[in-house]
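This briefing covers a single model, with its strands, core and selected residues taken in turn. Please view the sequence and structure below before reading on.

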Amino acid sequence: MASLPLIRISPSEFQFTESGSGYTSRLRLTSLQGQAVGFKFKTNAPHKFLVKPVVSSLTKQGMTIDVIVKSTSPITDADRFLIQTVALAANEAEDLDSAK
């Protein structure tokens, strides 16, 4: 049985742009559910990438959050990224924020 997606990620292709300080990508996560959704951003090279926020929650449907990924090194085919999501109870969402 297929489950419904909890979030929409845009753009659908992960794209980095070169800047004076390295490489940057911005992803927008949007909640598609009427309940809180938690997410965690993972990479196979955590020492190479600065991700903000790594862990957070989207507390209502339509809520969006921008995730910024930065690197001082060029991006290679070996670099991998994963965004894990989970439906949360309202009280769980209050405690889930890596910025705290």
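Leaving aside neighbours within four places in sequence, V67 is in contact (heavy atoms within 4.5 Å) with S25, R26, L27, L29, F39, F41, V51, K52 and P53. The model is predicted: local features need pLDDT of at least 70, side-chain atom pairs count only at pLDDT 80 or more, and totals for chains, interfaces and linings use all residues. Residues are numbered from 1 along each chain as its sequence is written, and side-chain values use heavy atoms, with hydrogens and water left out.

**Nonpolar core**

- V67 is also among the residues that touch the most other members of the largest nonpolar core, together with I7, L29, F41, V51 and V69; this core has 14 residues.
- Such a core is a set of buried Ala, Val, Leu, Ile, Met, Phe, Trp, Tyr and Cys residues joined through side-chain atoms within 4.5 Å.
- Two or more core residues come from each of β3, β4 (36-43), β5 (49-52) and β7; strands are DSSP runs (E, at least two residues) numbered from the N terminus.

**Three-stranded sheet**

- Three strands form an open sheet in the order β6-β4-β8, with antiparallel pairing; two strands pair if DSSP finds at least two bridges between them.
- β6 (55-58) and β8 stand at the edges with a single partner strand each, so one side of each has no neighbour in the sheet.
- From one strand to the next, the twist averages 25° (axes are lines fitted to C-alpha atoms, and angles run from 0 to 180 degrees between N-to-C directions).
- The antiparallel strands β4 and β6 are joined by four bridges.
- F39 stands opposite S56 in β6.

**Two buried serines**

- S31, in strand β3 (residues 22-31), is buried at a relative accessible area of 2%; buried means under 20%, exposed over 50% and partly exposed in between (1.4 Å probe, protein chains only).
- Beyond four places in sequence, S31 touches L6, I7, V37, L58, K60, Q61, G62 and M63.
- S71 belongs to strand β7 (residues 64-71) and is buried, with 4% relative accessibility.
- The S71 side chain reaches the backbone oxygen of K48 at 3.4 Å, a polar contact being a pair of N or O atoms within 3.5 Å, one able to donate a hydrogen and the other to accept it; residues adjacent in sequence count only if both atoms are side-chain atoms.
- Not counting residues up to four places away, S71 touches S21, G22, Y23, K48 and F49.

**A87**

- A87 lies in β8 (residues 81-88) and is partly exposed, at 34% relative accessible area.
- Outside four places in sequence, A87 touches L6, Q35 and A36.
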